[in-house]
Amino acid sequence: MSATDAACQQCIRPDCGQRYALGEALVACAACGGLLDVAYDWNRLPVPKTLADFEKFWSRRADPLAFSGVWRFYDLLPFAPRDRVVTIGEGQTLLQRADRVANYVGSNPGRLYLQYEGMNPSGSFKDNGMSAAFTHAHWIGARRAACASTGNTSASLALYSCVSRLMQAVIFIGSGKISYGKLSQALDYGALTVQIAGDFDDAMQRVKEVSQQLGIYLVNSVNPFRLEGQKTIMFRVLEALGWEVPDWIVVPGGNLGNSSAFGKAFAELKQLGLIDRVPRLAVINATGANTLHGLYNGQGVRWNDGRIDQNKIAAFYAEMDEHKRRASTIASAIEINRPVNLDKCLRALAVCNGVVRETTDQEILDAKAQVGAGGLGCEPASAASVAGAKQLVAEGVIGRDERVVCILTGHQLKDPTATVAYHTTDQEQFNKVLGARGVKRASFANRAVAVSNDLDEIVRAIQLYG
Ligand SMILES: *Cc1c(COP(=O)(O)O)cnc(C)c1O
Ligand SMILES: [Zn+2]
């Protein structure tokens, strides 16, 4: 029996539960419109006895599947035949103990860690998922793959397309809201780039329509296979902690694919008896894009064993449209109005006894500066995790001595405009880029020292400031 006989796609709504073959390219349940999972019949699959069994792959780096930080966990995402896996070496990431950031957050020394996903080939966590979605797409014979993106998904798709030479990438971006770091990647890697006059949610709507009409494979995080790849972020966190489960995972929330994948990862590990408890999950919105916060904390919407109150959600969105409220935050990667994985995220929050918070652009940029000063830079959206952790420690929800892992979702160089505007001496530049976002001060600015081109003056400046 091949591993893939024991897996299928399945609607996440318990009162539906419709199953679909792995070979189908779907973005929703055809019966009820619900999101789809990749579901496994673990009893018929070779599951490791302990997580430490995965360590045997460390010495086999010449084998691309053992080298990949996603596919060395193949046994926990066995939806495709091994010989059809597409990998470009993703998942070589780093869990760093970050005492300086711990101090900022209010955690005790040695208790706060940063999971740095910026080390992926395209510079963000999206590669974990893209490797899995690409594997599925290639396996079922797709020739073109598309996504709507705030930037990192498109950078990742473009990279996988050009390295693997298996598919043409078609990317949809909104106008104006994409950082140059990300756009430059898509263009350099040769993706067909369609810029739509609208925001992410408009692009998302269109890419769904176009994919359906032209039979293009969709790799947004409504794609259930992408989330299988993103589960491995949690496997690597556990690996780096010697297979110990931390107390908290803190993650920025945009389309909520990551938080959903994390919840699924822990639910499955628990079910398989590979961990004895699950960590708590904190999902952090930006104040300017706080749909999850509004629904979870404002409206009290919960997973509720799969009976989510969809009427409350519909009313929330109707009100949003009526008042023309559109997401707006410096953290462009989480600037999302209607998170596509909302239902799955609610399930993850139930599995992990989760909490949701929102954090302002001011807090995000200050946290980002602290992350940078601590050694690993990140893009603005990533720092929402650190800003959120700080808030939760201040509230006493996260204990100072609890072990916390903040996910740094994207590389520091993804969005240099925001970083330079924050540190700059040029008030006009600061106001132009950040002032409109309600950012008033750069609490941790590292200002450039301006001197004339004069040796004595340069020496004096260094003696004065150095
Ligand atoms: C995509 C992205 C996010 C949001 O992740 P979701 O899974 O959509 O919630 C956060 N940070 C960065 C850097 C991203 O690229
Ligand atoms: Zn269904």
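Predicted model: local features only at pLDDT ≥ 70, side-chain atom pairs only at ≥ 80, totals over all residues.
Ligand 1 is surrounded by 16 residues, of which K126, N152, G254, N255 and T409 are the closest. By residue class, the shell around ligand 1 comprises eight polar, six nonpolar and two charged residues. The space that ligand 1 takes up is the largest cavity.

Individual atom pairs show how the protein meets the oxygen atoms of the ligand. At N152, the approach is made by the side chain, a polar atom of which lies 2.7 Å from an oxygen atom of ligand 1. At N255, a polar backbone atom is found 2.8 Å from an oxygen atom of ligand 1. For L256, a distance of 2.8 Å likewise separates a polar backbone atom from an oxygen atom of ligand 1. The ligand exposes 380 Å² when taken alone, and the protein buries 97% of that area.

Attention then turned to an arrangement of strands. In general, the strands of a sheet pair through backbone hydrogen bonds, and the pairing may be parallel or antiparallel. Here, an open sheet is built from four strands in the order β8-β7-β6-β9, with parallel pairing.

Strand β6 covers residues 144–149 and strand β7 covers residues 168–174; the two run parallel and are joined by six bridges. Within this pairing, S149 has I173 of β7 as its bridge partner.

Notes:
Residues numbered from 1 in each chain as written. Chains lettered and ligands numbered in written order. Heavy atoms only, no water. Near = heavy atom within 4 Å. Polar contact = N/O pair within 3.5 Å; in protein donor to acceptor, adjacent residues only side chain to side chain. Areas by Shrake-Rupley, 256 points an atom, 1.4 Å probe, with all protein chains shown as cover. 1 Å grid on protein atoms, 1.4 Å probe; cavity = no way out; pocket = protein on both sides within 12 Å on 5 of 7 lines; lining within 4 Å. Sits in = over half its atoms within 2 Å of the grid points. Nonpolar A, V, L, I, M, F, W, Y, C, P; charged D, E, K, R; others polar. Pairing = 2+ DSSP bridges.
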